[in-house]
Amino acid sequence: MGKKKKRIGILTAGGDCPGLNAAIRGIGKTAILNYGMEVLGFNAGYSGLIRKDYQVLDEIKLSGILTLGGTILGTSREKPFKIDKENPIDKVALIKENYKELDLDCVVCLGGNGTMKTANKLQQEGLNVIGLPKTIDNDVYGTDRTFGFDSAVSIATDAIDRLHTTANSHQRAMVIEVMGHHAGWIALYAGVAGGGDVILLPEIDFDIETVCHTIRKRFERGKPYAIVVVAEGIKKPNNTNAASYVSYCIHDMTGIETRQTQLGYVQRGGSPTPMDRILATQYGAYAVDLIANEDYGKMVAFQQNELIGVPLSEVGGKLSLIKPDNKLVIKARNLGVSFGD
């Protein structure tokens, strides 16, 4: 009697981002072609695992998705371990039951911090789980890079590039807000790549008067405009957004004509960059290698230019934040960029 084929599941949870389909393809094609595994895709994140809502993924379904944005499996922010008082069903018990009925050997969970935290809990419940770190925010602990980040930085940088021309034409201060509730990686990288004059991050406390002084001095030196890049999660008064707050203060304190732009969800959409396609594909293939070796309970990570498996117990629920001594922050300061502190 032949050895049983491994059967694995894939789900994408949390917010969407470019590169998810590339990762699904990397997992599925490696599993099918290299290891002869069967692959199921659960629809709408952990919800699909709870409802046993899935589709069989074969080569045909995995073809032509490398360049597509979003996720062919759909996603949700379902949290199986969170008790719903209005509908107190045991979601974890349902997941364990479905996992057993479908004869799964492992579930690969693609997501951010919350997804990795849930994946670790499912591992503790007896399921075999592998995690893949995706998020445009690049804030998953334990990896140097998440897929989706490069695409978001590319989109934000392109927007900043375009703002330079209109700011110069009208001699204005332009404030652009990018995503990043707790981590300012997009603002830092896009701000440096796009030639921002001021970059405001959630991790570095800033003084709005210092920001305004920097803008005023720039105009006094004969510079025709200024670009301010802000992460959405910077400290600000309640009931206001980052761009509106900073834009209002600059105009109020300096008298300089100021405009604001919020990129919003456009940063999460569209086709992934070549770098994200490659990274997501590598992550997916490496995840299957871990499964083949029955090395479960790991998150695929990129550290010091190498792919490794990091225990989910070490990464779930933690954040990778920018430190004041970050090398890019230091380099940017040397170039004259102000962080408002």
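Among contacts in the protein between residues at least 6 apart in sequence, what percentage join residues at least 24 apart? The share is 73%, where contact means that heavy atoms lie within 4.5 Å. The structure is a predicted model, in which local features need pLDDT of at least 70 and side-chain atom pairs count only at pLDDT 80 or more, whereas totals for chains, interfaces and linings use all residues. Residues are numbered from 1 along each chain as its sequence is written, and side-chain values use heavy atoms, with hydrogens and water left out.

The secondary structure of the protein comprises twelve helices and eleven strands, assigned as DSSP runs (helices H or I, at least four residues; strands E, at least two) and numbered from the N terminus. For 341 residues a compact globule would have a radius of gyration near 20 Å, and the 22 Å of the protein agrees with this; the radius is taken over C-alpha atoms, and the globule rule is 2.2 Å times the number of residues to the power 0.38. Along the principal axes, the C-alpha atoms fill a box of roughly 80 × 45 × 30 Å. The protein exposes about 15500 Å², of which carbon and sulfur atoms supply 48%, as computed by the Shrake-Rupley method with a 1.4 Å probe, and for residues only the protein chains shown count as cover. Of the 341 residues, 52% count as buried (buried means under 20% relative accessible area, exposed over 50%, and partly exposed in between, with a 1.4 Å probe and protein chains only).

The largest nonpolar core has 82 residues, and those with the most contacts inside it are Leu-110, Ile-130, Leu-132, Phe-147, Val-246 and Phe-339. Helix α6 (residues 149-170) gives the most to this core, with eight residues. Apart from it lies another core, of 24 residues, among them Leu-49, Leu-127, Val-129 and Val-315. A nonpolar core is here a set of buried Ala, Val, Leu, Ile, Met, Phe, Trp, Tyr and Cys residues joined through side-chain atoms within 4.5 Å. When residues up to four places away in sequence are not counted, the residues touched by Leu-110 include Ile-10, Leu-20, Ile-24, Ile-27, Leu-132 and Phe-147.

Ile-291, placed in helix α10 (residues 274-292), is buried, with a relative accessible area of 0%. Leaving aside neighbours within four places in sequence, Ile-291 is in contact with Lys-6, Ile-8, Met-37, Cys-106, Val-108, Ile-130 and Tyr-296, while Pro-237, 54 residues apart from Ile-291 in sequence, is 48 Å apart in space, C-alpha to C-alpha. Gly-194 lies in the loop between α7 (185-193) and β7 (198-200) and is likewise buried, with a relative accessible area of 5%. Not counting residues up to four places away in sequence, Gly-194 touches Thr-157, Ile-160, Asp-161 and His-164; Gly-194 and Ala-242 are 48 residues apart in sequence and 19 Å apart in space, C-alpha to C-alpha.

Positive phi values in residues other than glycine were found in loops. Asn-239, with phi near 65°, is located in the loop between β8 (226-231) and α9 (242-254), and Asn-239 counts as exposed because its relative accessibility is 85%. Gln-304, with phi near 50°, is placed in the loop between β10 (298-303) and β11 (306-311), and a relative accessibility of 72% means that Gln-304 also counts as exposed.
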